[in-house]
Amino acid sequence: IVFVNGEGGSGGALALGVGDKVYMLENSIYSVISPEGCAAILWRDRAKASDAAKAMKITSSDALRLGAIDDILPEPIGGAHRNHAAIAKTIRKTIVRDIAELTSISTREMLDNRLDKFLSIGVFDEG
């Protein structure tokens, strides 16, 4: 069970994001490179980071729509860092629910589901 909080960037963050369930806090971003780094590569201009961020689709709503995560966890008003107890309660509730679900299936089924999940990311139907 994986939670992306804040900025999950680089290949390392993506490697740590392999789980049976992947969640993002609503104000988090998740990408293989920072928008500044992407802008520097594409346009040789870090000032275009905002354009890069839009094109990269790094928000929690983008990640959910693209199938890269399972759900978005709402944050307390002002963000998770403003109310640790509230976000901890949300995360705990999610973990308890998912452990109950995941322990009810076989290891083989869990592994097959995980493989199917990650192999389907980035596959698009042009039909």
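Just after helix H6, glycine 122 takes a positive phi of about 90°. This is a predicted model, where local features need pLDDT of at least 70, side-chain atom pairs count only at pLDDT 80 or more, and totals for chains, interfaces and linings use all residues. Residues are numbered from 1 along each chain as its sequence is written, and side-chain values use heavy atoms, leaving out hydrogens and water.

**Helix H6**
- H6 covers residues 107-120, so you get 14 residues reaching 20 Å from first C-alpha to last, close to the 20 Å expected at 1.5 Å a residue (the expected span is 1.5 Å times one less than the number of residues).
- Helices here are DSSP runs of H or I with at least four residues, while strands are runs of E with at least two, and both are numbered from the N terminus.

**Lysine 21**
- You'll find lysine 21 in the loop between helix H1 (10-16) and strand S3 (22-25).
- Lysine 21 counts as buried because its relative accessibility is 16% (buried is under 20% relative accessible area, exposed over 50%, partly exposed in between, with a 1.4 Å probe and protein chains only).
- Beyond its neighbours within four places in sequence, lysine 21 has contacts that include Ile1, Val2, Asp70 and Lys117 (contact means heavy atoms within 4.5 Å).
- Lysine 21 and aspartate 71 are 50 residues apart along the chain, and their C-alpha atoms are separated by 8.6 Å.

**The aromatic pair**
- Searching the whole structure turns up one aromatic pair (ring centres of Phe, Tyr or Trp, using Trp's six-membered ring, within 6.5 Å; planes under 30 degrees apart are stacked, over 60 edge-to-face, the rest tilted).
- The partners are phenylalanine 3 and tyrosine 23, stacked at 5.5 Å centre to centre with 20° between the planes.
- Phenylalanine 3 sits in strand S1 (residues 2-4) and tyrosine 23 in strand S3, so the pair ties together parts 20 residues apart in sequence.
- Phenylalanine 3 is partly exposed at 23% relative accessibility, whereas tyrosine 23 is buried at 2%.
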